[in-house]
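Thanks for making the time; I will go through one chain this morning, moving from the overall picture to a single residue. Please have a look at the structure before I start.

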Amino acid sequence: MAKYKTKSVLIGRKKHSGDNLDVRPCFVSLFNENDPHKSGEIPFEILEFEKVHRVIIDGLKLNYLLPGNDLVANDLEYIEIKASGTEIFLTGRQSKSSMKAKR
């Protein structure tokens, strides 16, 4: 399991490659500021995974960005990522204010 200090992450899938429709390449982009999709900030690191069937996210408040089919998590202290077979497990610590629903 790898641990990354980051303020926000953007999780998304890449274009399908190959014949197996059960797996796709995906990415997790790490940012130093919240809502990177609004600011145009460039990620300080991009983690890429080739054959992923499922991303399992535990204990984080997420926002689903409809235009790009991506997920964003803000107000992070860190995330931990473990790749196992065709699954990616993602967990981390968010500030308490992020855990409350924003309307």
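How many helices and strands does the secondary structure of the protein chain come to? In this predicted model, the count is 2 helices and 9 strands, and from the N terminus on their order reads β-β-β-α-β-β-β-β-β-β-α.

Strand β1, residues 2-5, has the highest mean, at 98, whereas helix α2, residues 96-99, has the lowest, at 61. Where pLDDT is low, the coordinates should not be read in detail.

As for overall dimensions, the C-alpha trace spans about 45 × 30 × 25 Å along its principal axes, and the radius of gyration is 13 Å, which agrees with the value near 13 Å that a compact globule of 103 residues would have. Buried residues account for 33% of the 103, and the chain exposes about 6,700 Å², of which carbon and sulfur atoms supply 48%. Of the contacts between residues at least 6 apart in sequence, 57% join residues at least 24 apart. On the charges, there are 17 positive and 14 negative, and their mean positions lie 6 Å apart.

Let me finish with T86, which sits in the loop between β8 (76-84) and β9 (87-94). T86 counts as partly exposed because its relative accessibility is 36%. Beyond its neighbours within four places in sequence, T86 is in contact with V23, K51, V52, H53 and R54, while the C-alpha atom of S39, 47 residues away along the chain, is separated from that of T86 by 32 Å.

Terms used:
Residues are numbered from 1 along each chain as its sequence is written. This is a predicted model: local features need pLDDT of at least 70, side-chain atom pairs count only at pLDDT 80 or more; totals for chains, interfaces and linings use all residues. Side-chain values use heavy atoms; hydrogens and water are left out. pLDDT is the predictor's confidence in each residue, from 0 to 100. Helices (H or I, at least four residues) and strands (E, at least two) are DSSP runs, numbered from the N terminus. Buried means under 20% relative accessible area, exposed over 50%, partly exposed in between (1.4 Å probe, protein chains only). Contact means heavy atoms within 4.5 Å. The radius of gyration is taken over C-alpha atoms; the globule rule is 2.2 Å times the number of residues to the power 0.38. Accessible areas come from the Shrake-Rupley method with a 1.4 Å probe; for residues, only the protein chains shown count as cover. Lys and Arg count as positive and Asp and Glu as negative; His and the chain ends are not counted. The place of a charge is taken as NZ of Lys, CZ of Arg, CG of Asp or CD of Glu.
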